[in-house]
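Have the structure open while you read.

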Amino acid sequence: MENSLITADAVEISEFPHLAQKYSVRGVPKTVINEEYVIEGSGPESMLLSTILEAVEKTGSG
Amino acid sequence: MSFIKDADRPAVKERLRDMRSDVTLSYFTQDVECDFCRETRELLEELSSIEEKIRIEVYDFKTDQEQVRSYRIDKIPATVVSNGGASGIRFYGIPAGYEFSSLLDAILMVSRNESGLSDETRKALQDIKVPVHLQVFTTPT
């Protein structure tokens with residue numbers, strides 16, 4: 001909502017078991033950012049933001 | 001069978017009381033409906049029947065390629081929450097159980113154009129110049 005470059009998907013794993021396997025989902029919620037950065041469980045807003053910014057830095061630096 | 005019990009309809013309506021603008025739920029399915037596709041459509045239609053500000057658009061994953069590309073849908077059932085502009089919020093799979101509550105939250109946020117994030121977080125997100133894709137894996141229970 002804050003930036004059109006950001007997409008957020010909620011994925012119901014029992015309907016997409018291949019994705020649960022691909023991303024090694026063993027507990028929920030699990031958040032995967034840009035295929036690479038992972039947050040297990042729910043965390044505070046600041047942790048989500050810092051993980052997003054890590055992913056952005058990696059993407060931005062190629 | 002209805003997903004939203006008659007007794008729960010007033011509570012759902014109340015939960016959505018603070019909606020401002022209309023919200024469109026763009027729903028992607030296919031001719032031979034996938035597992036949970038029919039159930040998802042029925043759930044969304046029930047929701048729309050409770051709150052008139054919620055509109056449903058149904059697209060075919062196979063034939064409505066323009067919308068599939070525009071919303072970058074890669075699997076079904078898929079539900080995109082928007083109010084004209086792209087919100088970037090998508091639900092893959094039936095938004096039932098706990099996810100029903102998440103769907104109501106998303107509808108309210110989009111309708112009010114309020115993410116609920118702190119000013120600091122919003123500023124940091126607005127400054128991002130590269131694509132970010134978050135996938136939150138969930139279960140309905």
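The largest pocket has a volume of about 1100 Å³. This is a predicted model, where local features need pLDDT of at least 70, side-chain atom pairs count only at pLDDT 80 or more, and totals for chains, interfaces and linings use all residues. Residues are numbered from 1 along each chain as its sequence is written, chains are lettered from A and ligands numbered from 1 in the order in which they are written, and side-chain values use heavy atoms, with hydrogens and water left out.

**The largest pocket**

- A pocket here is an open set of points on a 1 Å grid over the protein atoms alone, with protein on both sides within 12 Å along at least five of seven lines; a lining residue has an atom within 4 Å of a point.
- Volume is the space filled by probe spheres set on the points, with grid points joined across faces, edges and corners.
- The lining counts 37 residues, and the closest to the pocket's centre are A:Ala8, A:Leu48, B:Met109, B:Leu134 and B:Val136.
- Two or more lining residues come from each of E1 and helix H2 (45–60) in chain A, and from each of E4, helix H4 (98–112), helix H5 (119–126) and strand E5 (132–138) in chain B.
- Helices (H or I, at least four residues) and strands (E, at least two) are DSSP runs, numbered from the N terminus.
- By class, the lining splits into 19 nonpolar, 12 polar and 6 charged residues.
- Nonpolar covers Ala, Val, Leu, Ile, Met, Phe, Trp, Tyr, Cys and Pro; charged covers Asp, Glu, Lys and Arg; the others, Gly among them, are polar.

**The second largest pocket**

- The second largest pocket has a volume of about 180 Å³.
- Its lining has 15 residues, with A:Thr7, B:Arg72, B:Ala86, B:Ser87 and B:Gly88 nearest the centre.
- E1 of chain A and E4 of chain B are the elements that give two or more residues to this lining, and E4(B) gives the most, with 5 residues.
- The classes here are 6 nonpolar, 6 polar and 3 charged.

**The cavity**

- There is 1 cavity of 30 Å³ or more in the structure; a cavity is a set of points where a 1.4 Å probe fits but cannot get out.
- About 40 Å³ of space lies in the largest cavity.
- Both chains line the largest cavity, with A:Ala10, A:Val11 and A:Glu12 among the residues from chain A, and B:Phe91, B:Tyr92 and B:Thr138 among those from chain B.
- E1(A) gives the most to that lining, with 3 residues.

**Chain B**

- Chain B has 5 helices and 5 strands, running α-β-α-β-α-β-β-α-α-β from the N terminus on.
- Its radius of gyration (taken over C-alpha atoms) is 15 Å, close to the 14 Å that the globule rule (2.2 Å times the number of residues to the power 0.38) gives for 141 residues, so chain B is as compact as a globular protein of that length.
- The C-alpha trace of chain B spans about 45 × 35 × 30 Å along its principal axes.

**A:Val25**

- A:Val25 sits in the loop between helix H1 (17–22) and strand E2 (30–33) of chain A.
- A:Val25 is buried, with a relative accessible area of 13%; buried means under 20%, exposed over 50% and partly exposed in between (1.4 Å probe, protein chains only).
- Leaving out residues up to four places away in sequence, A:Val25 touches A:Ile13, A:Ala20, A:Lys30 and B:Phe137, where contact means heavy atoms within 4.5 Å.
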